[in-house]
Amino acid sequence: MPETFPPSPEFAAQAVAGAALYDEAATDREAFWARQARELLSWDQDFHQTLDWSDAPFAEWFVGGRLNVSYNCVDRHVLAGRGDKVAIHFVGEPGDRRDITYAELQREVSKAANALTSLGIRKGDRVAIYLPMIPEAVITMLACARLGAPHSVVFGGFSADALRSRIEDAQASLVVTADGGYRRSTASLLKPAVDAAVSGDSPVSKVLVVRRTKSDVAWDDSRDVWWHDVVDGASDQHTPEAHDSEHPLFILYTSGTTGKPKGIFHTTGGYLTQTAYTHKAVFDLHADTDVYWCTADVGWITGHSYIVYGPLANGATQVIYEGTPDSPHRGRWWDIIAEYGVTIFYTAPTAIRTCMKWGDDIPAAADLSSLRVLGSVGEPINPEAWRWYHRVVGGGRCPIVDTWWQTETGAIMISPLPGVTATKPGSAQVPLPGINVAVVDDEAKPLGNGESGLLVVTEPWPSMLRGIWGDPERYRETYWSRFEGLYFAGDGAKKDEDGDLWLLGRVDDVMNVSGHRLSTAEIESALVSHPSVAEAAVVGATDETTGQAVCAFVILRGTATETADSVTELRNHVAKEIGPIAKPRQIMIVAELPKTRSGKIMRRLLRDIAENREVGDTSTLADTNVMNLIRTGLTTSS
Ligand code: WT7
């Protein structure tokens, strides 16, 4: 029986969310969500129906309601007299700082909305955002939301090719970028990747560029405009228009089981309701006193929901930091927590394990006594890392919320409530009030305590994806075809003796590297696009720090020969095609790949090799000698 950590009586007494929420939601789930929507958000026009599921799996939430997300995240706080409250404490990696109050944020977002309008952006147009972690990223997202122009944020670590395919899929007409951003004490350029991504035939007519690093960048006068030229001079008055509750808010691409990333799209009322509700309940947000910090990048869903929309809808004060935790030294995060008195801290297991490896003395050197709630997201957190986080970062006094969710779910689905749940290292535990999940077997039969199976969501939820951009059939097929009427999450899960949920990782060909989702098929197709590669198979192998690591098995073309350079070149080729995050940790050149008689690559066997295990059952291989061939080849060549 694992040890549990109940909330202290003092914590429980002041907590914003109590056990009664579970009863309320269980009694009438839709009424529960309708109350959240009306209490947490300001609507220009009330909705007349909470959920329309008649065209399942296409949901409509808060039907008939109208609201503006940017107004909800900014203007209404100013109107309520909180204009002087800091919304964002920005910390640049080189040490520059900028505090932005809600009143300033309102002016900046209004200016940006006016500038986007002057560049031709109208409601419904798509805007691609390729920016470092600087305030302009948040400002641009809110300006798009204000206009009803769905944004598509592309993580700055993605390559020009990845950016191009996302721009094309969404048919974005404008890209907002920067000359570069700071990472590990150097200016890393972004503009050249945009130049490459929009060259030739492209739907993009304008590129709006923030000057961040003052690096020299190429300039196309007919297409490129500086942010300081068009935004700084724009009017700081802008009247937000109310949009339909189901108006698309953003598209965010994520890896699936095929080579082509999926444009997950989210809409307005339901998304904002659930991000605001979960941000408040799961992190026990007391907006007047808390200082919140989420270390994610806005290029991922965590940044969308828990840097931009949830915290700002709730009028929180937060820290945004541009760089990496080890720049200029490994105590940078802890210094920031001490400097701003951060009370709520949300990060990923891979970062926790890295800090753990660096040693206890580094966090111990900083004053972390302001912290009161800690969060984890992105992959299962192993109990050892959980305990370290609890003891060394949280001083043994802070509840840890292990939050399970996905790009598709839009907001947190499974997590302890910090003032209610006795937390358990390694388990995400229970669905939130208003969320219904089950663990089922292959026949969709619900499993009981002590059993492992597949995680499904059994009822629609407000922040659920509304589809895959431009591909409704793929939406139905990917999430709703495995089991009739159930949302298939793609994760394995186990219910323990207490009924608490343990997430067991992906059951499809999706890897999780440092909390980032990568598809085996996408990396395989990047590898085979190299002229010297005949065939490639990619697996995610367990890695102590990153959770999983990319391991590739490659067959070279007849004419190519293996050298140390060819492996380096192939790794760099993947980085160029997709981005540095997709670079394989290891590439093994082999003569054959293990395949079934129907030609399907048996990744399970390759994973055995990548993880240095005895190779499992090979009886379904078309050629049972292949594994010997691979093993011998590897031992002789290394
Ligand atoms: C996949 C979703 C949610 C934002 C970051 C990742 C894994 C996420 C947890 C957790 C175990 C987790 C799942 C999920 N995952 N959080 N707390 N415990 N696994 O979003 O890129 O859409 O990836 O991340 O496998 O399916 P994403």
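Guide: A residue is near a molecule if its C-beta atom, placed from the backbone, lies within 6 Å of it. The model discussed here is predicted.

Visitor: Which of the residues around the ligand come nearest?
Guide: The shell around the ligand holds 22 residues. Of these, the ones that come nearest are Pro380, Gln406, Thr407, Leu503 and Arg517.

Visitor: Which element gives the most to the shell around the ligand?
Guide: Two or more residues come from each of α11 (301-313), β20, β24 and β25 (501-506). With three residues, the element that gives the most is β24.

Visitor: How many residues of the shell around the ligand are charged?
Guide: Asp, Glu, Lys and Arg count as charged. The shell divides into eight nonpolar residues and nine polar ones, and the charged residues number five.

Visitor: Asp402 is in which strand, and is Asp402 buried or exposed?
Guide: The UniProt record, an unreviewed entry, includes Asp402 in its feature "binding site". Asp402 belongs to strand β20, residues 400-403. A residue is buried if 20 or more other C-beta atoms lie within 10 Å of its own. Asp402 has 26 such neighbours and therefore counts as buried.

Visitor: Which residues does Asp402 touch, not counting those up to four places away in sequence?
Guide: Contact here requires C-beta atoms within 7 Å. With residues up to four places away in sequence left out, Asp402 touches Ser376, Ile381, Ser415, Ser427 and Ala428.

Visitor: Why does Asp491 count as buried?
Guide: Asp491 is also listed under "binding site" in the unreviewed UniProt entry, and its place is in strand β24, residues 487-495. Beyond four places in sequence, its contacts are Leu455, Leu503, Leu504, Gly505, Arg506 and Val507. Asp491 counts as buried because its C-beta neighbours inside 10 Å number 22.

Visitor: What covers the buried residues of α7, and which residue follows α7?
Guide: In helix α7 (residues 160-170), the buried residues are Ala162, Leu163, Arg164, Arg166, Ile167, Asp169 and Ala170. Their cover includes β6 (127-130), β7 (151-153), β8 (174-178), α8 (191-197), β14 (248-254) and β15 (262-267). After α7 comes a residue with positive phi, near 50°, namely Gln171.

Technical notes
Residues numbered from 1 in each chain as written. Predicted model: local features only at pLDDT ≥ 70, side-chain atom pairs only at ≥ 80, totals over all residues. UniProt positions renumbered as here; feature names shortened; annotations may be inferred. Helix = DSSP H or I, 4+ residues; strand = E, 2+ residues; numbered from the N terminus. Buried ≥ 20, exposed ≤ 12 C-beta atoms within 10 Å, placed from the backbone. Contact = placed C-beta atoms within 7 Å.
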